[in-house]
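Please read it alongside the sequence and the structure shown here.

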Amino acid sequence: MRAIIHMMVAIGYIDADFDPSERDFIREQIRQLVEARARSLIGDDPALGGVVRGLTAHFHEVMDEIDRRIRGYFGGSVLASDGETSEQFVLSRLKLGCFELLKRFDEEEHAAILETVDALIAADGVVHPNEQAFRD
């Protein structure tokens, strides 16, 4: 779950602007993933709602932690290559991190993740050229 959240937040920054609609999209995806997993484990048990609320709140905190860390990269000093801005360096590291995380999943999971990535990229109503290039 942490890997998926990290990847979604990183993708939210690919255009260097993590839009509030993208944040909301990720928060809802987290809730849906938690609910699906909890339902698969405990069915329609009366405790389901409480479990989903608790785990969703926990993973929203994880998302906020990852967001703060990534946002900090943009404000920190980095050792960029010749001709590369610090923003370009951070974005290239985020992209690399996403590719490395994606390797952990099988083909069926890749398809599901990429479907979610497509929806995330479109969440703010604008597909930025950096987002499209990354997706391609």
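Predicted model: local features only at pLDDT ≥ 70, side-chain atom pairs only at ≥ 80, totals over all residues.

Residues are numbered from 1 along each chain as its sequence is written, and side-chain values use heavy atoms, with hydrogens and water left out.

**Helix 1 against helix 3**

- Helix 1 (residues 2–12) packs on helix 3 (residues 48–75) at an angle of about 45°, and their axes are 10 Å apart; axes are lines fitted to C-alpha atoms over the stretch in contact, and angles run from 0 to 180 degrees between N-to-C directions.
- The crossing of helix 1 and helix 3 is right-handed, meaning that the near helix is turned clockwise from the far one by less than a right angle.
- The contact (heavy atoms within 4.5 Å) involves Arg2, Ile5, His6, Val9 and Ala10 of helix 1, together with residues of helix 3 including Phe59, Val62, Met63 and Ile66.

**Helix 2 against helix 3**

- Helix 2 (residues 20–42) packs on helix 3 at an angle of about 140°, with 9 Å between their axes, which makes helix 2 oblique to helix 3.
- Helix 2 also passes helix 3 in a right-handed crossing.
- Among the residues making this contact are Ile26, Ile30, Val34 and Ala38 of helix 2 and Val51, Leu55, Phe59 and Met63 of helix 3.

**Aromatic pairs**

- There are three aromatic pairs, counted where rings of Phe, Tyr and Trp (its six-membered ring) have centres within 6.5 Å, with planes under 30 degrees apart taken as stacked, over 60 as edge-to-face and the rest as tilted.
- The Phe99 and Phe134 rings form a tilted pair, because their centres lie 5.4 Å apart and their planes stand at 45°.
- Since Phe99 belongs to helix 4 (residues 86–102) and Phe134 to helix 6 (residues 129–135), the pair ties together parts that are 35 residues apart in sequence.
- Phe134 is buried at 12% relative accessible area, whereas Phe99 is partly exposed at 45% (buried is under 20%, exposed over 50% and partly exposed in between, with a 1.4 Å probe and protein chains only).
- Tyr13, Phe18 and Phe74 are linked into a cluster by ring pairs.

**Gly54**

- Gly54 lies in helix 3 and counts as partly exposed, with 41% relative accessibility.
- The C-alpha atoms of Gly54 and Val34 are separated by 9.6 Å, although the two residues are 20 residues apart along the chain.

Terms used: Helix = DSSP H or I, 4+ residues; strand = E, 2+ residues; numbered from the N terminus. Parallel < 35°, antiparallel > 145°, perpendicular 65-115°, else oblique.
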